[in-house]
Amino acid sequence: MIAKVILVAALAVVSLAQHYGAPAPSYGGSYEEKYAPQPYDFGYETNDDYGTTTFRKESGDGHGRVQGSYGYKDLHGIERVVEYVADEHGYRAEIKTNEPGTESQNPADVILHANPVVVDQPKAYGAPAPAYSAPRPYAAPAPHYAAPAYPRY
């Protein structure tokens, strides 16, 4: 209870100090002073056992502007690449794909370039899945109860 009273009093002091123009207490400087933005570049590319390649690369200028791309390409040649920019004008993306069922459009200020391909039959990654058949009804045999055999004396 005393701890709650002390906490409320401390918050009131800080609130009143800020209201009257006094500087708020400092606890070792601001986050921005300790960790100033830095320019950066990073990226990766991976290939899995199923023939899919994924990638991402991004760079930032240290002033809040970022640009990059990410995407994948699978064993059948189906791919999607997203190129993006995030800066003082917001986030903008452009998508290039040949995924079946897509069409070129511009929803939500995103530019989508679609050139769908027709995939005949995907290659199996292992043994084919077994065909489904409905389970047969199962009736458990009726339990058999017998009176215990007691020895005669």
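The paragraphs below go through the strands, the nonpolar core, a surface patch and the salt bridges of this structure. The model is a predicted one.

Strand 1 covers residues 40-47, and 8 bridges join it to strand 2, residues 53-60, in an antiparallel arrangement. One of the residues involved is Asn-47, whose bridge partner in strand 2 is Thr-53. The hairpin of strand 1 and strand 2 has 5 residues between the strands, and Gly-51 in this hairpin has a positive phi near 85 degrees.

Strand 2 also pairs with strand 3, again antiparallel and over 8 bridges. Here Arg-56 has Tyr-70 as its bridge partner in strand 3. The hairpin of strand 2 and strand 3 has 5 residues between the strands, with Gly-62 taking a positive phi near 90 degrees.

Strand 3 spans residues 66-73 and includes Ser-69. Ser-69 counts as buried because its relative accessibility is 8%, and the cut-off for buried is under 20%. Leaving aside neighbours within four places in sequence, Ser-69 is in contact with Phe-55, Arg-56 and Lys-57, and also with Val-82, Glu-83 and Tyr-84.

The largest nonpolar core has 5 residues: Val-82, Tyr-84, Ala-93, Ile-95 and Leu-112. Strand 4 (79-87) and strand 5 (90-97) are the elements that give two or more residues to this core. In soluble globular proteins, nonpolar side chains tend to be buried together.

Tyr-40, Phe-42 and Tyr-44 make a nonpolar surface patch of about 290 Å². Phe-42 belongs to strand 1 and is partly exposed, with a relative accessible area of 37%. In a regular strand the side chains alternate between the two faces of the sheet.

The charged residues come next. The structure holds 6 salt bridges. One of them is formed by the side chains of Arg-56 and Glu-58, at 2.7 Å from N to O. Arg-56 is partly exposed, with a relative accessible area of 29%, whereas Glu-58 is buried at 12%.

A salt bridge also joins the side chains of Arg-65 and Glu-88, with an N to O distance of 3.5 Å. This pair links distant parts of the chain, 23 residues apart: Arg-65 is in the loop between strand 2 and strand 3, and Glu-88 is in the loop between strand 4 and strand 5. Arg-65 is partly exposed at 36% relative accessible area, while Glu-88 is exposed at 56%.

Another salt bridge is made by Glu-83 and Lys-96, whose closest N and O atoms are 3.8 Å apart. Glu-83 lies in strand 4 and Lys-96 in strand 5, so the pair ties together parts that are 13 residues apart in sequence. Glu-83 has a relative accessible area of 36% and is partly exposed; Lys-96 is partly exposed as well, at 38%. Finally, salt bridges that share partners join Asp-61, Arg-65 and Glu-88 into one network.

Terms used
Residues numbered from 1 in each chain as written. Predicted model: local features only at pLDDT ≥ 70, side-chain atom pairs only at ≥ 80, totals over all residues. Heavy atoms only, no water. Patch = residues over 30% accessible without salt bridge, like charges linked within 9 Å, V, L, I, M, F, W, Y side chains within 5 Å. Areas by Shrake-Rupley, 256 points an atom, 1.4 Å probe, with all protein chains shown as cover. Salt bridge = Lys/Arg side-chain N within 4 Å of Asp/Glu carboxyl O. Helix = DSSP H or I, 4+ residues; strand = E, 2+ residues; numbered from the N terminus. Buried < 20%, exposed > 50% of the residue type's maximum accessible area, 1.4 Å probe, protein only. Core = buried A, V, L, I, M, F, W, Y, C linked by side-chain atoms within 4.5 Å. Contact = heavy atoms within 4.5 Å. Pairing = 2+ DSSP bridges.
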